[in-house]
Each structure stands twice: as structure tokens, then as C-alpha cells.
Amino acid sequence: MFEQVVTSFIASAAFGVLFNAPKQSLIKCGLVGMIGWVLYYGLVELEYDSIFATLVAAFVVGVISQFFAKRYKMPIIIFTIAGIIPLVPGGLSYDAMKHFVENDYNVAVQLAAKVCMLAGAIAMGIIFAEVMNQLMIKYNRRKQSEKGAPLK
Amino acid sequence: MEDQRSLNSIIDVCLLAGKIMLENGAETYRVEDTMIRIASAFGCKESQSFSTPTGIIFSLDGDYPISKVIRISHRSTDLHKVTLVNSISRSVTNKELTVREAYIKLKELEKANVAYPLWIQIFAAFISSGCFTIMFNGQWNDFIWACIAGGLGFACLLHLHRLLEVRFFAEFIASFVIGVSAFWFMYIGLGSELDKIIIGAVMPLVPGLLITNAARDLIAGHLVSGLAKGADAGLTALAIGAGIAVAFVIL
């Protein structure tokens with residue numbers, strides 16, 4: 001597990017460099033990626049389904065990214081990308097491709113369908129986090145207006 | 001006449017900000033939002049923005065309606081520039097910058113090169129490839145070979161991007177190089193698992209940014225740009241897969 005923590009941190013921070021994220025955000029990129037990956041890895045180790053694990057990890061990545069984006073006044077995309085990269089089903093899509101090349105279409109199509117499901121789970125997780133955030137903002141505003149404070 | 005001239009310069013600032021953001025990989029909704037915010041900070045409360053990955057249409061309504069189109073032909077990923085445009089737009093909305101100052105700042109930013117030095121980028125690809133191999137349950141003695149294959153592939157990609165107009169082809173060649181070098185490591189008996197080396201080495205090429213942006217745009221209701229970015233991501237994935245596949249078939 002320890003090597004997973006270290007490698008996922010380094011890999012996510014290095015991806016920040018590839019996307020040319022600002023220097024001061026690289027450590028946070030690594031942190032987001034690490035949390036997402038460790039969560040995913042832990043859930044899979046506990047024998048949860050990988051789609052469910054991806055969904056949960058992506059949701060947490062989304063929530064942390066919202067927090068970092070607000071706190072450090074940076075575009076949220078910097079953090080979500082770094083967090084999501086480890087979750088992208090690269091290995092599985094490679095496997096699918098390999099089976100296609102080997103003319104083993106039955107397995108290949110199964111794997112490709114799984115890749116689609118995983119990609120969808122990532123997107124859903126991120127969107128859930130965003131929707132939650134919007135609901136929170138709306139809720140806070142309503143509370144403020146009930147107190148009589150001016151709407152922003 | 002005076003009004004029209006000032007509107008013209010406002011629309012130029014908005015379009016330039018939108019262009020820089022879109023060229024460097026920002027989400028569509030953020031681009032549109034930023035442009036409308038800048039316009040409203042300069043006193044144009046009514047404005048419409050329509051951005052797609054290949055162009056922006058922006059118009060200011062009011063007494064003298066005016067609209068302009070800008071074409072985006074080159075796209076890359078540079079989140080630092082997106083961040084800088086973001087902070088410029090924030091100071092515009094706080095009324096810290098005039099139209100002229102904002103335009104000059106954005107023009108400087110458009111030309112500026114804020115990227116990391118080449119060797120750092122290649123080193124980042126190098127190290128992340130190895131890390132991904134470990135993350136996908138590879139063995140530590142494959143670490144260094146995945147690093148080398150990934151670094152080589154990414155260096156190829158950077159070089160070919162400059163050489164070729166067609167991005168698809170550059171990605172194809174880069175992943176082909178990765179496939180060949182991984183095979184070669186196996187052939188001379190250095191690596192232990194071919195699959196893990198290739199998966200790790202290919203990760204720096206994976207269009208993660210495009211996929212997430214596409215999904216977010218689609219769900220946010222930006223159907224045109226969501227589909228376009230999805231197609232872009234699909235093409236890239238296909239190029240990577242095809243490069244590896246060709247290496248498989250040849251060797």
C-alpha cells in the first residue's frame with residue numbers, strides 16, 4: 001500500500017507538469033491524485049466493484065478539487081485533471097485494444113464496454129461533486145436571504 | 001461613434017481572453033462565463049457568447065449591437081495560461097484594470113511562454129510512466145524500462161507536434177515508438193511483463209483532460225463542444241491504440 005501512496009502522488013504531480021499547471025499547485029495536484037487513487041485501490045482491495053470504487057474516488061476528487069479551487073483561487077480544472085488521471089482506465093483499454101488486434105472480439109468488446117462504464121463513472125462522480133457544490137451555494141444563499149442579508 | 005469604438009475595444013478584450021483560454025484547454029462553460037463577466041465589468045450588461053472548440057461567436061447587445069467571430073485553429077494544454085487569464089479577469093471584475101490595460105496584458109500573455117523547460121516535461125513523463133507501472137501492479141524491476149519507454153515516447157510526441165500539422169499522426173508514431181521499445185526491452189531480456197511496461201509508458205499520452213472536459217461539457221448542456229471534444233479524445237485514443245497495435249503486428 002505504501003508504494004501505491006508514493007507512486008500515485010508522484011505520478012499525479014508529474015502529470016501536473018505535463019499539463020503545465022502552475023508551480024505552486026503541483027503539490028496539491030499530487031495530493032488530490034493520491035487521495036483518489038488510494039481510495040480506489042483500497043475499495044478494490046476490499047472487493048468492491050471497480051465501477052463503484054471509481055465513482056466514489058471521482059466524487060471525492062471532485063469535492064477536494066472544489067475546496068482547493070476556492071481556497072487557492074485557481075481554476076478547478078487543474079485539480080480535477082490531476083485527480084482523475086490515475087483513475088482513467090488506461091490498462092483496461094489497452095487490454096481491449098490488444099484483444100481486438102488478436103482477433104479475439106468477444107473478450108475485446110466486453111472489455112471495451114467496461115472501459116465505457118468506468119469513464120462514465122468518472123464523469124458522474126465529478127458531476128455529482130459539482131451539483132452538490134451548487135446545491136450548497138443555493139442553500140446558503142437562501143439561508144442568508146431568510147436572515148434578511150442582501151443577496152449577492 | 002465614440003461609443004462604437006469603445007464597444008469595439010471591449011469586444012476585442014473579451015474575445016482575446018476567450019481565445020487564450022480555449023486554446024489552452026479550459027472548459028467551455030468557463031470560457032463563456034469569463035467573457036460575459038469581463039463584458040459586464042466594462043458596462044455591457046447584455047452579451048451572448050457561443051464557444052465551440054474551433055471558434056467563438058461573441059456579441060454585445062444594447063443600443064449599438066456588435067458581434068465578432070474568432071477562429072481557433074490550434075489547441076494545446078497549458079493550464080498556467082488559463083490560470084493567468086483567470087486572474088486577469090478577476091482584476092477586471094474588481095475594476096482594477098481599464099480596457100486598454102487588460103488588452104495589453106492579455107496580448108503579452110498570448111505571446112508569453114510560461115511552459116516548463118523541455119527537459120522537465122520529458123522528465124515528468126519519464127517518472128510518471130514508471131509510477132503508473134507500479135500502480136497497475138507491475139514489478140519494480142520493470143520500473144526503469146517503463147520510464148525509458150514513456151520518456152522516449154513523450155519526447156517523440158513533443159518533437160513531432162512541432163514538425164507535423166496532424167496531431168493524430170504524432171500520437172500514432174509516439175505510441176508506436178513505445179510499443180517497439182517495450183518489445184525490444186523484452187527481447188533482450190530486461191523487462192519481465194510486457195503489458196505493464198506498455199500500459200505505464202502510454203499513460204502520458206492518454207487524453208485525460210479531453211475526456212473529462214468532454215463529459216463535463218456534455219452534462220452542462222454544451223452539446224456541440226462536448227461532442228466535438230469527445231470525438232477529439234476518441235481520435236487520440238484510437239491513434240494510441242493503433243500505434244501499439246501496429247507494433248504488435250510487426251513484431
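Visitor: Let's begin with chain A; what is its secondary structure?

Guide: This is a predicted model, and in it the secondary structure of chain A comes to six helices and zero strands. The C-alpha atoms of chain A fill a box of roughly 65 × 30 × 30 Å along the principal axes, and 47% of its 152 residues count as buried.

Visitor: And what share of its contacts join residues at least 24 apart?

Guide: If you take the contacts in chain A between residues at least 6 apart in sequence, 60% of them join residues that are at least 24 apart.

Visitor: How many residues of helix α4 in chain A are buried?

Guide: Helix α4 of chain A, residues 77–84, is mostly covered, with eight of its eight residues buried. Among them are I77(A), F79(A), T80(A) and G83(A).

Visitor: What covers them?

Guide: The cover of the buried residues of α4(A) includes α1, α2, α3 and α6 of chain A, together with α3 and α9 of chain B.

Visitor: How is chain B itself divided?

Guide: Chain B is divided into domain 1, covering 2–111, and domain 2, covering 118–250, and the C-alpha centres of these two domains of chain B lie 33 Å apart. Eight residues of domain 1 are in contact with ten residues of domain 2.

Visitor: You mentioned β1, so what sheet does it belong to?

Guide: Three strands of chain B form an open sheet in the order β1-β2-β3, with antiparallel pairing. The edge strands are β1 and β3 of chain B, each of which pairs on one side only, and neighbouring strands of this sheet are turned by 10° against each other on average, direction ignored.

Visitor: How many bridges join the strands?

Guide: Six bridges join β1(B) to β2(B), and S47(B) has L60(B) in β2(B) as its bridge partner. β2(B) and β3(B) also pair in the antiparallel sense over six bridges, where the bridge partner of I56(B) is I70(B) in β3(B). These two strands, β2(B) and β3(B), form a hairpin with five residues between them, and G62(B) in the turn has a positive phi of about 120°.

Visitor: Still in chain B, how do helices α3 and α4 pack?

Guide: Helix α3 of chain B, residues 79–93, and helix α4 of chain B, residues 99–111, pack at an angle of about 175°, with their axes 11 Å apart. α3(B) and α4(B) are therefore roughly antiparallel to each other, since an angle over 145 degrees counts as such.

Visitor: Which residues meet there?

Guide: From α3(B) they include L84(B), V85(B) and I88(B), and from α4(B) they include A102(B), L106(B) and L109(B). The residues of this contact of α3(B) with α4(B) divide into seven nonpolar, no polar and two charged.

Visitor: Back to chain A for a last topic: which residues have a positive phi although they are not glycine?

Guide: One of them is E47(A), with a positive phi of about 65°, which lies in the loop between α2 and α3 of chain A. Another is K73(A), at about 50°, in the loop between α3 and α4 of chain A.

Visitor: Is E47(A) buried or exposed, and what about K73(A)?

Guide: E47(A) counts as exposed because it has 7 C-beta neighbours inside 10 Å, and K73(A) counts as exposed with 11 such neighbours.

Methods:
Residues numbered from 1 in each chain as written. Chains lettered and ligands numbered in written order. Predicted model: local features only at pLDDT ≥ 70, side-chain atom pairs only at ≥ 80, totals over all residues. Axes fitted to C-alpha atoms, helices over the stretch in contact; angles between N-to-C directions. Helix = DSSP H or I, 4+ residues; strand = E, 2+ residues; numbered from the N terminus. Parallel < 35°, antiparallel > 145°, perpendicular 65-115°, else oblique. Contact = placed C-beta atoms within 7 Å. Nonpolar A, V, L, I, M, F, W, Y, C, P; charged D, E, K, R; others polar. Domains from an automatic or database assignment. Pairing = 2+ DSSP bridges. Buried ≥ 20, exposed ≤ 12 C-beta atoms within 10 Å, placed from the backbone.
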